[in-house]
Amino acid sequence: MPQTVQGVIAPAKGAAVELTTIVVPDPGPGEAVVAVQACGVCHTDLHYREGGIGDDFPYLLGHEAAGTVEAVGAGVTEVAPGDFVILNWRAVCRQCRACRRGRPWYCFATSNASQPMTLEDGTVLSPALGIGAFADKTLVHAGQCTKVDSAAPATAAGLLGCGVMAGLGAAVNTGGVGRGDSIAVIGCGGVGAAAVAGAHLAGAATVIAVDIDPRKLDTARRLGATHTIDASGADVVQEIKNATGGFGADVVVDAVGRPETYQQAFYARDLAGTVVLVGVPTPDMTLELPLLDVFGRGGSLKSSWYGDCLPSRDFPMLIDLYLQGRLPLDEFVSETIGIGDVEAAFDKMHSGDVLRSVVVL
């Protein structure tokens, strides 16, 4: 039978979120119902509330989550009731041209649940990134569930569902940073801080953190930054070159996603270096670069989608590293909050007071 649970919705563009009753159907073929244990408050949820992603209101917010599978529908073999899982928003299809070419992290036909979750009056909800995890329970495609070691607390594990995986993967998967390399990360919020942690984990020799907030630079140092640059009063490009023997970094990650920061990343990399854009621009932003510079500096200009991750490969491995004490996921949890505190968490996000507020259910 369908279940009624509490969930946080964005009822209309720019309106404050509401805690209300939602209806979660029984899982159909290929679907799973997950009892959510924890869900991070991500900037993407704020984008949904503000109408920056779409206008399919009301939205059921929340997507950076971990919990326990409660029930599965027909044909589901990936997970079973009782499994501790991290939810992901790129459930690979295994059939599209990217998957068939052995690049499933680029899957062009990712799956979501077929059935809708609704309000009590039947109004259909649009789940954020196909997940909708600011709720006691949520309905997802079974492929959006990745089983991991249940010894990890949900507050830490859920962060791999979006922000930490996006940043860590931007450095390691997309940027390919490795032993002895140099990397600069522009913007050290949750995603940028994760890029710093990932570079440190991968053995980068020089890890440069750039931000205008000294609190974020302090966090970056704890996560492995060897150098920090206060961008509010420095020539960022020159300072990155100063920290890399005058050459520029092998990899520069733009975790802000603005034309100004992208240009800094472009010119702060070494010849034949790599720029990785993981910060999300707004639709009105444009970029102008001399084409001769694009040619003459060589290298690669890349975008990173979800850290180019493959959840079935990356999530279990990263949870194992966390349990070994090698990936400090707990450093990203600034506070734990109740399901009714999401709007206040958005305010703290605006002021830069938190890396992540995590809703505990």
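With a relative accessibility of 1%, Ala195 counts as buried, a word used here for residues under 20% relative accessible area, with exposed meaning over 50% and partly exposed in between (1.4 Å probe, protein chains only). The model is predicted, and local features need pLDDT of at least 70, side-chain atom pairs count only at pLDDT 80 or more, while totals for chains, interfaces and linings use all residues. Residues are numbered from 1 along each chain as its sequence is written, and side-chain values use heavy atoms, with hydrogens and water left out.

Ala195 belongs to helix 5 (residues 190-202); helices (H or I, at least four residues) and strands (E, at least two) are DSSP runs numbered from the N terminus. When its neighbours within four places in sequence are left aside, Ala195 is in contact with Gly167, Leu168, Ala171, Val185 and Val253, where contact means heavy atoms within 4.5 Å.

## Helix 4

Gly176, which follows helix 4, has a positive phi, near 65 degrees.

Six strands form an open sheet with parallel pairing, in the order 13-12-11-14-15-16; two strands pair if DSSP finds at least two bridges between them. Strand 13 (227-230) and strand 16 (300-303) stand at the edges with a single partner strand each, so one side of each is left without a neighbour in the sheet. From one strand to the next, the twist averages 15 degrees.

Within this sheet, strand 11 (residues 182-186) and strand 12 (residues 206-211) run parallel and are joined by five bridges, and Ala184 has Ile208 in strand 12 as its bridge partner. Helix 8 (residues 259-268) lies across strand 11, strand 14 (249-254), strand 15 (269-277) and strand 16, and runs at about 150 degrees to strand 15, with axes fitted as lines to C-alpha atoms, for helices over the stretch in contact, and angles from 0 to 180 degrees between N-to-C directions.

## Nonpolar cores

A nonpolar core is a set of buried Ala, Val, Leu, Ile, Met, Phe, Trp, Tyr and Cys residues joined through side-chain atoms within 4.5 Å. The largest has 51 residues, of which Ile183, Val253 and Phe332 touch the most other members. Apart from this core lies another, of 32 residues, including Val34, Leu46, Tyr59 and Ile131.
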